[in-house]
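Please keep the sequence and the three-dimensional view at hand while reading.

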Amino acid sequence: MKIAFLDRSTIGPSVRISKPSFPHDWVEYDNTSPKEVLEKLHGVQICITNKVPLSADVLKQLPDLKLICIAATGYDKVDIATCDEQGIVVSNVRGYAVNTVPEHAFALIFALRRSLVGYREDVINGEWQKSGKFCFFNHPIKDLSGSRLGIIGSGTLGKGTARIGEALGMDVVFAERKGATEVRVGYTAWQEVITTSDVISLHTPLTPETRGIISTPEFEAMPQKPILINTSRGGLVDEAALVQALDKQQIAATGFDVLTTEPPQEDNPLLSILERPNVIVTPHVAWASEEAMQALWDQLISHMESFQKGTPTNAVGRTGS
C-alpha cells in the first residue's frame, strides 16, 4: 500500500512517527494546500490528514483511496457522505486528550482566577519595585474552592474537567442543552448554569445547534461575572459579543484556545484585546501535550493495522457500521 501524510507539521516534532508493520510505501509532506491534494494522493491507498480538506470533488477523482486516517477527533474537513459512496473508510482518533485538555482548561482558569497575567506584567513593568510594599493589590484574586463550575458538554473532556473541579472543592454542574424543555437527571437547567456559575467551561462539539450558543443574551444574564473558558471549538461563542461583554464587565475574564477561524484573521475582535490582563488566547494547543500527541499517533497507526486486517476501527459514516 502507498501511504501519504498530508500535513506532518500539525504533529509536534517530539512525537515518534512509527510506521505500520505491513509492507508499504510512505511519503509525508509538512503541509498541503487544497490545490495540491489531488496530485499528492494520486495512486495512494491510505491518506493521513489532520486539517487538510478532502472535498467531494477531490474524493471522486481518487479511485485508489481506501482509508483516510484523521489525526484528530473532528472530521468536518472530510466529506463523509462521499466517502460512504466511494467505499472509503474514515477513521478518527478518540480519547487521546483525556488529560491534556482538562489540564489546559484549568491552567487558564487558575491564571485568570488569580490574575497571574496581570501581576506578572506588573512585576516586569516595575510596579512591585515602585510600590514600596511587600505586596500590592492591582488585580482581583479569588479562590476556586467553594465556587461553581458550569460545564457545557458532558463527554470525556467535560467529565475530565469536572473531576479536577471536584478535587479542588468546586460545585460542579453540567448544563442541560440550550432550549431543552426537560432537565435530565445529572444535569442543571441551561439558564441556571448561565446565571449562577463563577466559571463556565465549554466542552461540546461545534454543530449547527451549538454554533454561537454563548452570545449577547447569555452575557447579559451572568450576574456572577464568570470566567469563560473555551478549549473546545471556535464558533461556540460569538467573539464580537464576548469583547463587548468584557468591555461592559459582564464577565470577569476569558481564556480561549480555539477561535472561529484558525489561524485568526486580522479582523478577529479578540486580537484587539490580547494585551488585557484578563484575556488569555492560546493557539489551539490544549490537545498538544507530548503524551497526548504520542497517544494520538499510536492510535492512528493501530487503525491502519486494523484496516489492513479487514477490521476497521474508529470508523465514522456507513463504512464503519
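Glu-218 and Lys-178 form a salt bridge, with their closest N and O atoms 3.0 Å apart; the term denotes a side-chain nitrogen of Lys or Arg within 4 Å of a carboxyl oxygen of Asp or Glu. Because Glu-218 belongs to helix α9 (residues 216–219) and Lys-178 to the loop between β7 and α8 (190–196), the pair ties together parts that are 40 residues apart in sequence. Glu-218 is buried, at a relative accessible area of 7%, whereas Lys-178 is partly exposed at 41%. Here buried means under 20% relative accessible area, exposed over 50%, and partly exposed in between, for a 1.4 Å probe and protein chains only. Helices (H or I, at least four residues) and strands (E, at least two) are DSSP runs numbered from the N terminus.

This is a predicted model, in which local features need pLDDT of at least 70 and side-chain atom pairs count only at pLDDT 80 or more, while totals for chains, interfaces and linings use all residues. Residues are numbered from 1 along each chain as its sequence is written, and side-chain values use heavy atoms, with hydrogens and water left out.

The structure holds nine salt bridges. One of them joins the side chains of Arg-148 and Asp-171 at 2.8 Å, N to O. This pair links distant parts of the chain, with Arg-148 in strand β6 and Asp-171 in strand β7 (residues 171–174), 23 residues apart. Arg-148 is buried at 16% relative accessible area, and Asp-171 is partly exposed at 34%. Together with Glu-192, Arg-148 and Asp-171 are linked in a network of salt bridges. Another salt bridge connects Glu-36 with Lys-40, the closest N and O atoms being 3.4 Å apart. Glu-36 is partly exposed, with a relative accessible area of 30%, while Lys-40 counts as buried at 13%.

Attention now turns to the strands. Strand β9 (residues 227–230) runs parallel to β10, and four bridges join them; strands pair if DSSP finds at least two bridges between them. Strand β10 also pairs in the parallel sense with strand β11 (residues 279–281), over three bridges. Phe-256 of β10 is the bridge partner of Asn-230, and the bridge partner of Phe-256 in β11 is Val-281. In a regular strand, side chains alternate between the two faces of the sheet. Both faces of β10 (residues 253–256) are covered, with Ala-253 and Gly-255 buried on one side and Thr-254 and Phe-256 buried on the other.

Thr-49, in strand β3 (residues 46–49), is buried at a relative accessible area of 1%. Its side chain reaches the backbone nitrogen of Val-52 at 3.2 Å. Not counting residues up to four places away in sequence, Thr-49 touches residues including Leu-6, Asp-7, Ile-68 and Ala-71, where contact means heavy atoms within 4.5 Å.

Ser-154 lies in the loop between β6 (148–152) and α7 (156–167) and is partly exposed at 25% relative accessible area. The side chains of Ser-154 and Tyr-187 are joined by a polar contact of 2.8 Å. Such a contact is a pair of N or O atoms within 3.5 Å; within protein, one must be able to donate a hydrogen and the other to accept it, and residues adjacent in sequence count only if both atoms are side-chain atoms.
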